[in-house]
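Here is a brief report on a protein model. It covers the fold, the surface and the relation between copies.

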Amino acid sequence: MVSLSDPAVQSYILYSAILALKVLVMAFLTARQRYAKNVFANEEDAKSSKGKVKLDDPDVERVRRAHLNDLENIPAFWILGALYLTTSPEAAWAALLFRTYTVSRIIHTIVYAVKPLPQPARAIAFMIPVVVKWYMGIAIVSNYISAL
Amino acid sequence: MVSLSDPAVQSYILYSAILALKVLVMAFLTARQRYAKNVFANEEDAKSSKGKVKLDDPDVERVRRAHLNDLENIPAFWILGALYLTTSPEAAWAALLFRTYTVSRIIHTIVYAVKPLPQPARAIAFMIPVVVKWYMGIAIVSNYISAL
Amino acid sequence: MVSLSDPAVQSYILYSAILALKVLVMAFLTARQRYAKNVFANEEDAKSSKGKVKLDDPDVERVRRAHLNDLENIPAFWILGALYLTTSPEAAWAALLFRTYTVSRIIHTIVYAVKPLPQPARAIAFMIPVVVKWYMGIAIVSNYISAL
């Protein structure tokens, strides 16, 4: 029922991998801020870089909040997207959801942590993926509700 | 071996989706506290809502700790539950584990972030899902230990 | 195409379960520090243990940073490893990647939160798994790029 030759499945695989790499980039955005400001979270890091320990630098914390927001959202997409594929969605529609999700999350990171913009830029880039997840989640629950 | 017609698989899909939606609810519980107290984590949010930046409001932080606790626990359930299905568990037993897990995590959120209760309410709601995950994890490792 | 009899799949299942259990251990490392120092994050926990609320104890925060680092890295491995299996990797090579990833992440936890070591111990234990994930992520994206 779920086959690797299904274009919806291929789309899920591609965008899930892109999102995973996007999450990995966050660690480098944080490190870039830490080295730019020379502030670190651990004694041993400050020592090896001749910087200091500081846990409330606003530029570092902004990137860390964007990173945490990814953790709050993207693993939920990975599971909901995979389970949504088992409900036999129309392939072009599923691919559109996955693509919209991924592009919005990338924009979210940019307007949050790379080039901060006034609201509602980030709110919109946050809400579109949330709506995609609720839509898939409700589709899954409706489809399997008899297993309650 | 793992088939969508297996009731254990259907149960896994249903409860995993419910848990994903439950995680998404946490962002709204946090937002509700932020707007009630008018405290925000980012300058641009405070500006658009005429509130102030404050990172240590106790009511907001309580919901955020509950959210983080979900991130520490629920993705591990998603993977362990899926892998546990490959060990051919008895369907009714697997469904009981998934249902118990999900109900306990929902109670955890309620007693942590919605209506805080004295301990050991939260400790019990935390430990039951932990035991379910260790049980499934040990079953998986035992089954595949020859792949070490 | 992805079969439970494939040694690469069995290796993925085994190491993913080991990593999930490793993440669960972090909660107990945090609790151990909390009880040793008698500091807690919530009023109701401090009350039931006759301790005090303190959110900046350095020993507790160190374990919490190690835990958060797991959340930033290990779910991305779970999804990338699973998707990588769909690209028909050579089994022994895939198993080597999964084993290297898992061993490095366990060392990361030890040198971060159990027995802190000077850098670059933790940096190396962090970078090896990051390289494994980028390698798998690029392999997946290359394989499915036509689904963009």
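## Fold of chain A

Chain A holds 5 helices and 2 strands. Helices (H or I, at least four residues) and strands (E, at least two) are DSSP runs, numbered from the N terminus. Along the sequence, the pattern of chain A reads α-β-α-β-α-α-α. The radius of gyration of chain A is 19 Å, well over the 15 Å that the globule rule gives for 148 residues, so chain A is more spread out than a compact globule. That radius is taken over C-alpha atoms, and the rule is 2.2 Å times the number of residues to the power 0.38. The C-alpha trace of chain A spans about 55 × 30 × 30 Å along its principal axes.

## Basis of the model

The model is predicted: local features need pLDDT of at least 70, side-chain atom pairs count only at pLDDT 80 or more, and totals for chains, interfaces and linings use all residues. Residues are numbered from 1 along each chain as its sequence is written, chains are lettered from A and ligands numbered from 1 in the order in which they are written, and side-chain values use heavy atoms, with hydrogens and water left out.

## Burial and contacts

Of the 148 residues in chain A, 55% count as buried (under 20% relative accessible area, 1.4 Å probe, protein chains only). Among contacts (heavy atoms within 4.5 Å) in chain A with a separation of 6 or more, 69% join residues 24 or more positions apart.

## Relation between copies

Chain A superposes on chain B by a rotation of 120° with 0.0 Å of shift along the axis (RMSD 0.0 Å). That is the relation of a three-fold axis. The copies use different surfaces: 6% of the contact residues of chain A recur in chain B.

Notes:
Least-squares fit on C-alpha atoms with pLDDT ≥ 70 in both. Buried < 20%, exposed > 50% of the residue type's maximum accessible area, 1.4 Å probe, protein only.
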